[in-house]
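Let's take a walk through this model together, starting from a single side chain and moving on to the sulfur atoms. Have the viewer ready and follow along.

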Amino acid sequence: MRSWLYIPDIRNVGKSGADALVVDLERAGDPARVRSWIETAGPAAVWARITNDEPGRRAVRAVVSPALTGVCVAAESANELAVLATVLAEAEEAVGLPVGRIAVVPRLESAAAVLQAAEIARAPRVARLQLAEGPLIRRLRVEPGRDERELLWARSMVVIAGAAASLEPPIAASCPAGTDCERSAEVLRRLGFRGRTCLDEEQVRIANKVFANASAFA
């Protein structure tokens with residue numbers, strides 16, 4: 001999937017052309033209303049972004065349905081994802097889904113997460129990795145330049161970890177403000193990313209264009 005559109009408010013979602021919609025359960029409001037929205041939001045794949053804590057796990061229990069493709073969650077270890085896998089199994093059984101149906105995309109937001117990328121990639125249900133560069137940059141106090149070479153090592157680590165675990169190629173972070181988004185996406189494509197999160201329809205358009213003909217891992 002080339003474009004993953006972040007949805008903080010389900011009241012303002014139009015036809016974006018995104019391959020995937022990522023609804024933020026922490027910000028989206030009433031879980032029953034969110035679940036109803038998820039069940040009618042197609043044809044794009046719908047993912048739920050949750051917090052890695054008990055409120056986040058309660059929220060995802062309330063929205064699991066056949067229309068939900070998976071969840072995106074910050075993680076620093078495979079053990080955290082094993083706990084989430086148990087919660088998802090209970091939620092799947094409650095709505096009659098096969099256990100294992102809901103996929104997981106771990107968000108790597110910290111130095112610890114990047115260093116544990118290979119372990120996280122092999123955790124239960126993981127479909128691909130996501131490098132959350134905004135939080136990572138703040139924690140590392142990195143100041144990326146125009147060529148973004150300051151992020152090369154972390155990006156390459158995530159690509160290699162995913163490939164070693166035979167996952168789908170990773171998702172890159174959204175284009176920062178003031179950045180040439182098409183150039184940035186080209187850099188990511190050459191590094192092995194095959195999609196990125198997007199904040200608006202223009203970012204979706206660019207991601208769909210740049211990653212359209214990119215080959216997946218063999």
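In this predicted model, helix H9 spans residues 201-210, and Gln203 is found in it. Is Gln203 buried or exposed? Its relative accessible area is 12%, and because the cut-off for buried is under 20%, Gln203 counts as buried. Leaving aside residues up to four places away in sequence, Gln203 touches Ser174, Cys175, Thr197 and Cys198. Two of these names, Cys175 and Cys198, lead us on to the cysteines.

Let's take Cys175 now. Cys175 forms a disulfide with Cys181, and the two sulfur atoms sit 2.1 Å apart. A disulfide is a covalent bond between the sulfur atoms of two cysteines. Which hand does the disulfide have? The torsion about the S-S bond of Cys175 and Cys181 is about -95°, so the disulfide is left-handed. Both partners, Cys175 and Cys181, are buried.

Cys198, the other cysteine that Gln203 touches, is in no disulfide. The nearest cysteine sulfur to that of Cys198 belongs to Cys181 and is 8.8 Å away. With a relative accessible area of 0%, Cys198 is buried.

Technical notes:
Residues are numbered from 1 along each chain as its sequence is written. This is a predicted model: local features need pLDDT of at least 70, side-chain atom pairs count only at pLDDT 80 or more; totals for chains, interfaces and linings use all residues. Side-chain values use heavy atoms; hydrogens and water are left out. Helices (H or I, at least four residues) and strands (E, at least two) are DSSP runs, numbered from the N terminus. Buried means under 20% relative accessible area, exposed over 50%, partly exposed in between (1.4 Å probe, protein chains only). Contact means heavy atoms within 4.5 Å. A disulfide is a pair of cysteine sulfur atoms within 2.5 Å.
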